[in-house]
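Here are my notes on the model you passed along. Have a look at the fold first, then read on.

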Amino acid sequence: MRALHVITGLGVGGAEQQLRLLVRHLPVRCDVVTLTNPGAVAEGLRADGVRVLHLGMRSNRDLAAVPRLARLIRRGSYDLVHTHLYRACVYGRIAARLAGTPVVSTEHSLGHAEIEGRPLTRGTQELYLRTERLGAATVAVSETVAGRLRAWGVPAARIHTVPNGVDMAAFRFDAGGRRATRARLGIPEDAFVAGGVGRLVPGKRFDVALRAVAALPDAWLVLAGDGPEAGPLRALAARLGVTARVRFLGECGTGATAPGVPAVLGAMDTFVSASREESFGLAAVEALASGLPVVHAACPAIEDLAARVPGAIRIGSGSASGDPTDELTAALRRLRAGGTRRLPPPPALDHYDIRLSSRRLMDVYAHATAPVTPTERAHP
């Protein structure tokens, strides 16, 4: 089988990194097309030996991208097209239909009131639903997202839940690596360090982590990621008087200036995810795989598991104001008082092993490429 993955952009982000990891484990020959921004993840894919093409889409209304993409699909004689992220799903489904190729779309970032960090509008939802019908299947990265798709009106039979996957071995804790990373970042070996990983955007609420650490003398904060909130967060750290105890690392693992995410997690004592909304919460799963306690607000990856997850601490549910700063501060204070220790990765995380996710996705591919029966042709 030959598959073409179509994604909106290939800068550093959860969906983009998940695509790279997935391509490594799928028993399928894969090429990748990015509509815009062939960034750091494009470089990583090429280093893995994957063919990456840039469609050069100029704007959200660059309708000429549709025939260009359709021609590319036809020339490649692909058996399947797999789209990722909103713009790629809309344009990619249309192009795949024009090319006569079955298409599967993964919904990575659908919140209750936002999609990919932007407010949901009636027009956005309507366009999504009209093009969703052109695909063979829609993949939800969590049961939470599957429920949101059903509430939108996507038929349950078209939705397949395939959770994001993690290479658990890559996040195994290494004490020597912890010491080396702390020395590299200028953090004392005995300091209590909280941290977060993700795009620096308002919905992630990294300001909550900053305020909580500011209330705890001698606690440190490490933030790995970049985005439009980088400047405001640095300014907030200065106003709170904690600049010396905060490390803004920018994008991790994409160059020589910052350590990779596994090393950054290894340097922490607890992981914080104060996001207002999440579709999955991949970074929290990676932190649990690293043996960290995880203090989280919305996190479907943890909440959807049938088994209780030792080390996971829920905040925000009892706050009338919706601001979990006080709860986070109290949780960090308790963790610091209890002493730092590594936890064994919870067995429930096996549910998110990347190899299992790739097998589940292959089942969806088989469904999408199966011959259409006369009955199905008559009653689509």
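1. Ground rules first. This is a predicted model, so local features need pLDDT of at least 70 and side-chain atom pairs count only at pLDDT 80 or more, while totals for chains, interfaces and linings use all residues. Residues are numbered from 1 along each chain as its sequence is written, and side-chain values use heavy atoms, with hydrogens and water left out.

2. Five of its five residues are buried, so S5 is largely enclosed by the rest of the structure. Buried here means under 20% relative accessible area, exposed means over 50%, and partly exposed is in between, with a 1.4 Å probe and protein chains only.

3. Which way do the S5 side chains point? Val-103, Ser-105 and Glu-107 go one way, Val-104 and Thr-106 go the other, and all are buried.

4. Strand S4, residues 80-84, pairs with S5 over four bridges, and Thr-83 has Ser-105 as its bridge partner in S5. Four bridges also join S5 to strand S8, residues 137-140, in parallel; there, Ser-105 has Thr-138 as its bridge partner.

5. S4, helix H4 (residues 86-99) and S5 make up a right-handed β-α-β unit. Right-handed means that, with the strands pointing away from the viewer, the path from the first strand over the helix to the second runs clockwise.

6. H4 passes a quick length check. At 1.5 Å a residue, its 14 residues should span 20 Å, and the end C-alpha atoms are 20 Å apart, which agrees. The expected span is 1.5 Å times one less than the number of residues.

7. H4 is also well covered: 10 of its 14 residues are buried, so the helix is largely enclosed by the rest of the structure. Among them are Tyr-86, Cys-89, Tyr-91 and Arg-93. Just after H4, Gly-100 takes a positive phi of about 75°.

8. Two residues other than glycine also have positive phi, and I'd look at both. Leu-85 has a phi of about 80° and sits in the loop between S4 and H4; Leu-85 is buried, with a relative accessible area of 10%. Asp-218 has a phi near 75° and lies in the loop between helix H8 (206-214) and strand S11 (219-224). Asp-218 is exposed, at a relative accessible area of 60%.

9. Further along, Arg-341 is in the loop between helix H13 (325-337) and helix H14 (354-369). Arg-341 is exposed, with a relative accessible area of 60%. Its C-alpha atom is separated by 8.5 Å from that of Gly-291, 50 residues apart along the chain.

10. Finally, an open sheet of six strands with parallel pairing, in the order S12-S11-S10-S13-S14-S15. Its edge strands are S12 (246-250) and S15 (312-314), each pairing on one side only. The twist averages 20° from one strand to the next, with axes as lines fitted to C-alpha atoms, for helices over the stretch in contact, and angles from 0 to 180 degrees between N-to-C directions. Within the sheet, S10 (residues 192-197) and S13 (residues 270-273) run parallel, joined by two bridges, and Ala-194 has Thr-270 as its bridge partner in S13.

Notes
Two strands pair if DSSP finds at least two bridges between them.
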